[in-house]
Amino acid sequence: MSGHKSSRGFSAALAFLAALLPSAAGARASGSPIPHGTLELIAENQWVTPGHEFFLGLHFQLEKGWHIYWVNPGDSGEPPRVKWQLPPDLSPGVIEWPAPQRLGTSSVVDFGYQDAVTLIVPVHAETSLAAEPSAHLGAEIKVLVCREMCIPGKTQLSLTLPIKSQPPAPDVRTRELFAAARKDLPRPAPQVWKFSVDDARDSFVFAANVAVQIKQAIFFPLVVAQIDNAAPQVLHPLPSGFRLTLRKSDRLLKPIDRLQGVLVLSSNGAYLIDVPVSKRGAQTNNSSSGIPEIQSSKEVSQQ
Amino acid sequence: MKRSTLFSMLVAVVICTAPLLVAAAKVGQAAPDFTATASNGKTFRLSDNRGKYVVLEWHNNGCPYVGKHYKSGNMQRLQKQWTGQSVVWFTIISSAPGNQGYVTASEENEYLTKMHAAPTAALLDTSGEIGHLYDAKTSPQMVVINPEGIVIYDGAIDDKPTTDLSDITGATNYVTLALEQAMTGKLVQTPATRPYGCSVKYSGSTH
């Protein structure tokens with residue numbers, strides 16, 4: 001064996017290592033192509049432990065300016081859809097949607113994500129899974145990617161995880177992505193916070209008592225065609241919170257019992273909202289009757 | 001004092017809400033009138049069609065949701081079916097010049113021929129005036145107007161908000177449903193839905 005040859009082998013090895021090094025995520029498989037981005041199926045743990053719940057993630061990386069959609073896409077577009085192909089002993093839960101952003105123009109407003117987002121999905125592993133050495137996880141994803149135009153994409157993802165009886169151990173390669181995604185998940189509001197929603201003819205008046213004055217808040221409705229997405233959300237700061245006027249959608253022809261969605265306080269994170277709608281304002285036709293009745297935040301619950 | 005406060009509050013309310021109340025068609029209310037030039041060079045006025053049902057179809061030939069209904073022939077089938085029953089069908093293009101879906105009259109005429117489309121006319125709403133008048137959000141957004149000039153349906157074409165051609169079979173078509181129910185003297189069961197599709201590419205809508 002000549003020295004020349006071995007040095008070439010050495011530089012090749014160095015090049016190989018260098019290719020792996022630049023990012024912490026370098027050892028992860030690169031994502032599958034979707035229009036103007038990539039999508040990767042990731043797991044939070046190194047293996048599946050029978051009898052335990054674990055988390056999968058759909059990690060989207062999008063080119064600058066392109067976006068995908070929240071569960072309520074807003075005025076246009078549609079959310080990504082997943083068709084799981086999992087062993088019978090694994091049951092997927094629903095997507096945990098991070099708080100979205102308002103996107104679009106003055107007349108058409110959408111709710112979605114730009115740059116990068118990880119959609120987390122809990123999966124329960126039955127104890128009966130134990131007999132298998134590994135689990136093959138597959139997912140068919142349909143996703144609409146938009147900028148000034150929209151392009152539908154469809155991709156097949158897969159991931160094989162060992163099955164071990166040891167307690168779950170996190171995968172360092174995906175830890176940061178899951179941590180970042182959890183940071184953006186809306187969480188239940190503190191028990192002491194009080195919310196109310198008043199039906200005031202053309203608007204819903206959302207009042208929040210959160211102990212401090214709030215000057216900026218955005219509400220994202222979970223259900224389509226309840227509020228006018230493009231209408232400005234008018235915020236009145238109150239000494240211990242705020243009042244937010246949400247114009248009703250022209251397509252809302254029947255009264256609603258509850259207003260559900262995500263409230264984003266710029267300083268303070270995102271919260272799950274599920275508040276009964278008080279019809280008082282609608283009956284009196286008086287939308288400016290001061291601070292509406294306050295309901296207990298016990299009404300705030302998971303979507 | 002009290003009275004003047006109340007007055008200024010009222011003024012403030014009127015000022016705040018007035019721009020929002022202008023036009024914007026609503027189900028159950030009169031369809032705002034408009035005049036437009038079609039790709040065939042003719043001028044059409046909505047109110048000239050009193051006594052007939054009118055369907056408005058927002059269109060953008062580059063939108064995959066519109067593509068779903070044209071590649072499958074679904075839209076053309078609906079156009080032929082209903083214009084065959086004296087319904088007036090206006091395809092409306094509200095894309096601004098330079099934006100996706102914008103077409104010249106001759107480009108639209110070529111498209112109509114190539115796709116075997118059969119609307120009464122394709123209206124070139126380059127300024128977006130008609131689109132804003134109806135607060136059209138998406139292509140294909142659909143509006144149905146009854147012979148009295150009242151909006152009886154506004155929303156999606158059907159209940160499958162996807163770009164998959166295979167979703168057309170088995171979908172509930174809201175336009176057909178509204179026309180069938182209204183024509184047989186029934187109440188339109190689903191008068192408003194969230195329109196699905198691509199955002200309408202109005203002037204100023206690019207980033």
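Biologist: Which residue stands opposite Arg102(A) in β8(A)?
Modeller: In this predicted model, local features need pLDDT of at least 70 and side-chain atom pairs count only at pLDDT 80 or more, while totals for chains, interfaces and linings use all residues. Residues are numbered from 1 along each chain as its sequence is written, with chains lettered from A and ligands numbered from 1 in the order of writing. β7 (residues 101-104) and β8 (residues 109-114) of chain A pair in the antiparallel sense over four bridges; strands are DSSP runs of E of at least two residues, helices runs of H or I of at least four, numbered from the N terminus, and two strands pair if DSSP finds at least two bridges between them. In that pairing, the residue opposite Arg102(A) is Phe111(A).

Biologist: How many residues lie between β7(A) and β8(A) in their hairpin?
Modeller: Chain A has three helices and 19 strands. Two of its strands, β7(A) and β8(A), form a hairpin, and the number of residues between them is four.

Biologist: Which strands of chain A are the edge strands of its open sheet of five strands?
Modeller: The sheet has the order β1-β2-β3-β9-β6 (chain A), with antiparallel pairing. An edge strand pairs on one side only, and here that holds for β1 (32-34) and β6 (90-92) of chain A.

Biologist: By how much are neighbouring strands of that sheet turned against each other on average?
Modeller: Axes are lines fitted to C-alpha atoms, for helices over the stretch in contact, and angles run from 0 to 180 degrees between N-to-C directions. With direction ignored, the average for this sheet is 30°.

Biologist: Where is His36(A), the residue with phi near 55°?
Modeller: The phi value is positive in a residue other than glycine. β1(A) and β2 (residues 37-43) of chain A pair over three bridges, and Ser32(A) has Leu39(A) as its bridge partner in β2(A). His36(A) sits in the loop between β1 and β2 of chain A.

Biologist: Is Ile120(A) buried or exposed?
Modeller: Ile120(A) belongs to strand β9 (residues 116-125) of chain A. A residue is buried if 20 or more other C-beta atoms, placed from the backbone, lie within 10 Å of its own, exposed if 12 or fewer, and partly exposed in between. Ile120(A) has 21 other C-beta atoms within 10 Å, so this residue is buried.

Biologist: Which residues are in contact with Ile120(A), leaving aside neighbours within four places in sequence?
Modeller: Contact means that the C-beta atoms of two residues, placed from the backbone, lie within 7 Å. By that rule the partners of Ile120(A) are Phe55(A), Gly57(A), Glu96(A), Phe178(A) and Ala181(A).

Biologist: How many residues has the largest nonpolar core?
Modeller: A nonpolar core is a set of buried Ala, Val, Leu, Ile, Met, Phe, Trp, Tyr and Cys residues joined through C-beta atoms within 7 Å. Residues with the most contacts inside this one include Phe206(A) and Val175(B). Its largest share, eight residues, comes from strand β10 (residues 134-146) of chain A. The core's total is 114.
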